[in-house]
Amino acid sequence: MSKSYWIWYPGDFELYHAMKQNFSRVERGFGWPAFWKSEGFRNRVAFRRTYELKQETSFTVFSNAIGHVLVTRENGEKKYPFGKKITVAPGKVRISIHAGCVEAFPCAYVQGEVIHSDKTWKAEDYSQPLVPVGVCKYFTKPGQNPTVWEYTEKECKPVKISEINGGVLAEFETELTAAVYVNDKRQKSSGVEVFCGESMDEALDLEHCYYSWQPDPVTNRCPCCAVRFAFIPNCKAEAVEITAFYQYVDFPKRASFKCSDKKLNKIWEVAEHTFRLCSGIFFLDGVKRDKWIWSGDAYQSFFVNQYLLADPDIDQRTLLALRGNDPMTRHINTIMDYSLFWILGVLYHYEAYGDLEFVRQVYPKMCSLMEFCEEQLDENGFLVGRENDWIYIDWADMDKTGALCAEQMLFAACWQTMAQVSAALGEENPEYMEKYEKLIGQIRKFYWDQEKGAFIDSFESGKRNVTRHANIFAILFHIATQEEQEKILANVIKNDAIPAITTPYFNFFELDMLCQTGELELVFNKIRDYWGGMLDRGAVTFWEEFDPEAPVETQYDMYGDRFGKSLCHAWAASPIYFLAKYFMGLKFTGVGGKEYVVEPH
């Protein structure tokens with residue numbers, strides 16, 4: 001039997017599952033769906049394929065939808081219901097599957113020796129031309145339902161059970177995404193309530209703990225959530241049995257790291273576990289908060305993915321989920337810089353895997369996104385925010401008055417990316433580089449401060465404020481000249497008077513820039529001190545933000561919220577990328593990893 005896949009209109013699988021993912025956030029008993037536009041899937045599609053049959057053959061179509069199979073020949077056509085075996089005679093035949101579904105995206109599975117569903121089928125939504133269908137390597141069996149993702153599950157026992165504060169505290173070896181199971185052995189019991197925390201402090205704080213559940217009375221399981229500690233109040237240890245069922249996507253182990261520095265080995269190990277927890281159907285920001293698909297987090301995840309999982313499919317799913325459908329009405333995640341990172345992410349994905357077919361699929365959306373950005377240029381040609389646009393860049397104190405320099409750096413990099421992608425597709429679009437060069441000239445004219453020897457945040461306020469962010473981008477995206485680069489390194493990067501980066505998110509960009517400029521000893525010490533500092537604080541996964549100067553008693557606070565900080569955040573796994581690319585020295589020099597050099601340091 002030939003291998004069949006479930007098929008759907010391309011992008012609908014990702015949009016449907018992204019909506020479910022972005023609506024899954026729960027905090028202290030209330031739901032918190034993501035606050036940006038949720039793209040809908042198509043509910044009426046057709047799948048088509050023409051065959052030249054040499055002999056009689058049979059096939060069966062399965063679907064989650066209502067509809068029919070239309071078999072068309074020169075002498076007429078005939079309709080068949082789903083689930084019925086269909087036999088066709090030799091000759092030319094066109095198979096059309098018409099499917100509609102209100103609850104989820106329509107999909108189909110064609111089982112047969114000759115006629116079967118695979119990537120060669122085309123889809124249409126009755127408003128656009130035929131396009132190649134969407135498929136997923138995890139859905140290849142007729143009994144599956146592509147609207148339900150099947151996670152791998154592993155039973156995990158607590159490594160420690162304690163009686164504390166009048167209740168029972170279960171500690172697991174590390175943080176998990178798990179459904180906590182509780183067997184209440186008491187004959188007369190009014191039930192149990194389970195408080196799950198990323199830290200012991202959180203699990204024991206019944207007022208501020210993010211997750212508290214009453215197990216399902218049939219399965220005795222709580223909903224799957226982030227958990228390292230589970231606390232049951234008003235209970236004795238002998239009265240309950242506690243287990244965690246760890247749920248995850250089983251990505252094969254493709255990379256490992258070991259060196260003579262034990263702390264560095266531990267940093268890799270914890271970074272890998274952090275990244276795997278945040279890698280599911282999509283790359284997520286964190287597993288407790290927010291559990292959403294953010295473009296900035298995803299962009300950095302693409303870099304780590306290439307050196308750890310080497311899985312192109314999760315890149316694709318994440319990019320499709322983030323971009324949604326045209327027309328664009330708001331920036332991705334409502335954040336202007338996150339739209340720009342999406343453009344840059346497509347290029348990195350192509351360079352990593354040579355996936356030109358995917359690039360061709362999303363290139364029209366790259367073009368429409370850049371056109372959307374061009375609608376919000378000021379009189380100087382700078383990208384500025386619309387009302388309700390979020391100008392993020394980083395959690396840092398910077399002058400964001402008017403057009404922000406760091407945003408222009410990213411916008412310029414996007415024009416260069418458009419030139420590279422269009423060239424890879426065999427198109428000639430010289431206007432992309434023309435726009436790049438023009439914007440670079442404007443950036444230098446308005447933002448370079450010769451006296452400070454650095455790029456300023458913004459010129460409109462007159463403050464001439466200098467932070468690391470725009471200057472890091474200037475070097476990272478090769479915008480600064482050699483002379484400017486040397487001044488930036490001396491006046492900004494190695495200047496302790498300029499506030500340090502405190503988020504792993506922007507540490508990624510700073511360390512990547514330092515590696516590119518040969519400052520490997522500085523990066524080595526930063527990795528050991530910063531990520532090692534989290535380990536010294538007891539981290540088993542790496543955090544959303546870490547300030548070494550913050551008191552231990554408030555180390556989990558963020559956004560003015562006790563335990564608001566995510567203790568397992570994808571953007572904190574970047575040491576994998578640095579250690580693999582710059583210290584092991586594995587650098588890919590050809591598209592798709594076909595050419596590389598190894599330069600260990």
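How many residues apart are F411 and W415 in helix 8, and what does that come to in helical turns?

Analyst: Before we zoom in, keep in mind that this is a predicted model. F411 and W415 are 4 residues apart in helix 8, which runs over residues 405-424, so about one helical turn separates them. Here's the handy rule behind that: an α-helix has 3.6 residues a turn, so residues three or four places apart point the same way.

Now look at the two rings. Their centres are 5.6 Å apart and their planes sit at 55 degrees, so F411 and W415 make a tilted pair. To be called edge-to-face, the planes would have to be over 60 degrees apart. Are these two residues buried or exposed? F411 is buried, because its relative accessibility is 1%, and W415 is buried too, at 4%. The cut-off for buried is under 20%.

Y447 belongs to helix 9 (residues 430-447), while F459 is in the loop between strand 21 and helix 10, so the pair ties together parts that are 12 residues apart in sequence. Both Y447 and F459 are buried. If you like keeping score, the whole structure has 68 aromatic pairs.

Searching the whole structure gives 35 salt bridges. One of them joins E171 and R228, at 3.3 Å from N to O. E171 is in strand 15 and R228 in strand 18, 57 residues apart, so this pair links distant parts of the chain. R228 counts as buried, because its relative accessibility is 13%.

Another salt bridge joins R289 and D290, at 2.6 Å from N to O. R289 is buried at 4% relative accessibility, and D290 is buried at 6%. These two also belong to a network of salt bridges with R25, E27 and E544.

E510 lies in helix 12 and K526 in helix 13, so the pair ties together parts 16 residues apart in sequence. E510 is buried, at 4% relative accessibility, whereas K526 is partly exposed, at 23%.

Let's stay with helix 13 for a moment. Its 17 residues, 520-536, reach 23 Å from first C-alpha to last, close to the expected 24 Å. Its buried residues, including L520, V523, I527 and W531, pack against helix 3, helix 12 and helix 14. After the helix comes G538, with a positive phi near 95 degrees.

Finally, hop over to the surface. F30, W32 and F35 form a nonpolar patch there, with about 310 Å² of accessible area together. F30 sits in strand 3 and is partly exposed, at 42% relative accessibility. P33 is in the loop between strand 3 and strand 4, and it's partly exposed as well, at 41%. Setting aside neighbours within four places in sequence, P33 contacts N22, F23 and W292.

Note on methods. Residues numbered from 1 in each chain as written. Predicted model: local features only at pLDDT ≥ 70, side-chain atom pairs only at ≥ 80, totals over all residues. Heavy atoms only, no water. Helix = DSSP H or I, 4+ residues; strand = E, 2+ residues; numbered from the N terminus. Expected span 1.5 Å × (residues − 1). Buried < 20%, exposed > 50% of the residue type's maximum accessible area, 1.4 Å probe, protein only. Contact = heavy atoms within 4.5 Å. Patch = residues over 30% accessible without salt bridge, like charges linked within 9 Å, V, L, I, M, F, W, Y side chains within 5 Å. Areas by Shrake-Rupley, 256 points an atom, 1.4 Å probe, with all protein chains shown as cover. Salt bridge = Lys/Arg side-chain N within 4 Å of Asp/Glu carboxyl O. Phe/Tyr/Trp six-rings, centres within 6.5 Å; stacked < 30°, edge-to-face > 60°.
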